[in-house]
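Here are my notes on the model you asked about. Keep the viewer open while you read, and take the points in order.

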Amino acid sequence: MAVGEYVSVASQRDSEQALIRLEKWELEHEPDEEFDELASICRQRGLSEATARQVVTELHAHDALGAHLDAELGIDPDELTNPWAAAIASSISFTIGALLPVLAVLLPPPEWRIITAFIAVLAALGLTGWLSAKLGKCGGLSCGCSSAVRWRWQ
Ligand SMILES: [Zn+2]
């Protein structure tokens, strides 16, 4: 689980870094096209032509790369994904999530093991779904349930 999460997030980080390099290259080699591209994004967000060009001029004077990364790609270069943090969080949550069903099988008398394991798995799925919905700011019971099902079947 942790290795899979590390690989997934590391490839996402590699993609983000490649996009940042591409954007730097475009700003150095095609500054006029980049200016027009950002002005176009500003116009699509409701600014007039003159205001859009003024905004882009000021953004370029302050932090051109940051402005392009934010507007075009939604990337903050100071907040890239961290594959180690994702791997550690995945291994901790997997261990905690697996502990409840394991205890439900080991602790009760043999005749109660199946029903307690069943209830413990449902409780663990509900808890992890609710937690992932809360952490993902998804909200709502259906979102939490679908998160739990997706997590279990990955
Ligand atoms: Zn660009």
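1. Let's begin with what the word "helix" stands for here: helices are DSSP runs of H or I with at least four residues, numbered from the N terminus. With that in hand, find Gln12, which sits in helix α1 (residues 2-29). Remember as you look around that this is a predicted model.

2. Now for the overall layout. The protein chain has six helices and zero strands, so its elements read α-α-α-α-α-α from the N terminus on. How much of the protein chain counts as buried? Of its 154 residues, 14% do. As for contacts with a separation of 6 or more, 49% of them in the protein chain come from residues 24 or more positions apart.

3. The mean pLDDT of the protein chain is 85, and 88% of the residues reach 70 or more. Which element has the lowest mean pLDDT? That is helix α6 (residues 141-152), with 55, while α2 has the highest, 95. Please keep that value for α6 in mind when you look at residues 141-152.

4. Have a look at how helix α2 (residues 31-44) meets helix α3 (residues 49-73): their axes come within 8 Å and cross at roughly 110°. Angles of 65 to 115 degrees count as roughly perpendicular, and α2 and α3 are therefore roughly perpendicular to each other. On the α2 side, the contact is made by Glu34, Phe35, Leu38, Ala39, Ile41, Cys42 and Arg43. The α3 side includes Ala52, Val55, Val56, Leu59 and His60. What sort of residues are they? The contact of α2 with α3 divides into eleven nonpolar, two polar and five charged residues.

5. Back to Gln12, and on to a partner from elsewhere in the chain. Gln12 and Leu80 are 68 residues apart in sequence, yet their C-alpha atoms are 9.2 Å apart in space. Leu80 itself is found in the loop between α3 and α4 (83-106). Is Gln12 buried, exposed or partly exposed? It counts as partly exposed because it has 14 C-beta neighbours inside 10 Å. Leu80 is partly exposed too, with 14 other C-beta atoms within 10 Å.

6. Leaving aside neighbours within four places in sequence, which residues is Leu80 in contact with? They are Arg13 and Glu16.

7. The start of the chain deserves a stop as well. Met1 lies in the segment before α1, and with 14 other C-beta atoms within 10 Å it is partly exposed. Apart from neighbours within four places in sequence, Met1 is in contact with Ser90, Ser91 and Phe94. The C-alpha atoms of Met1 and Ser93 are separated by 9.9 Å, although the two are 92 residues apart along the chain.

8. Last stop: helix α5 (residues 113-135). Its 23 residues reach 32 Å from the first C-alpha to the last, close to the 33 Å expected at 1.5 Å a residue. Which residues of α5 are buried? Leu125, Thr128, Gly129 and Ala133 are. Phe118 is also in helix α5, but this residue counts as exposed, with 12 C-beta neighbours inside 10 Å. Phe118 and Pro101 are 17 residues apart in sequence and 8.0 Å apart in space, C-alpha to C-alpha.

Terms used
Residues are numbered from 1 along each chain as its sequence is written. This is a predicted model: local features need pLDDT of at least 70, side-chain atom pairs count only at pLDDT 80 or more; totals for chains, interfaces and linings use all residues. Axes are lines fitted to C-alpha atoms, for helices over the stretch in contact, and angles run from 0 to 180 degrees between N-to-C directions. Helices (H or I, at least four residues) and strands (E, at least two) are DSSP runs, numbered from the N terminus. Angles under 35 degrees count as roughly parallel, over 145 as roughly antiparallel, 65 to 115 as roughly perpendicular and the rest as oblique. Two residues are in contact if their C-beta atoms, placed from the backbone, lie within 7 Å. Ala, Val, Leu, Ile, Met, Phe, Trp, Tyr, Cys and Pro count as nonpolar, Asp, Glu, Lys and Arg as charged, and the others, Gly among them, as polar. The expected span of a helix is 1.5 Å times one less than its number of residues. A residue is buried if 20 or more other C-beta atoms lie within 10 Å of its own, exposed if 12 or fewer, and partly exposed in between; C-beta atoms are placed from the backbone. pLDDT is the predictor's confidence in each residue, from 0 to 100.
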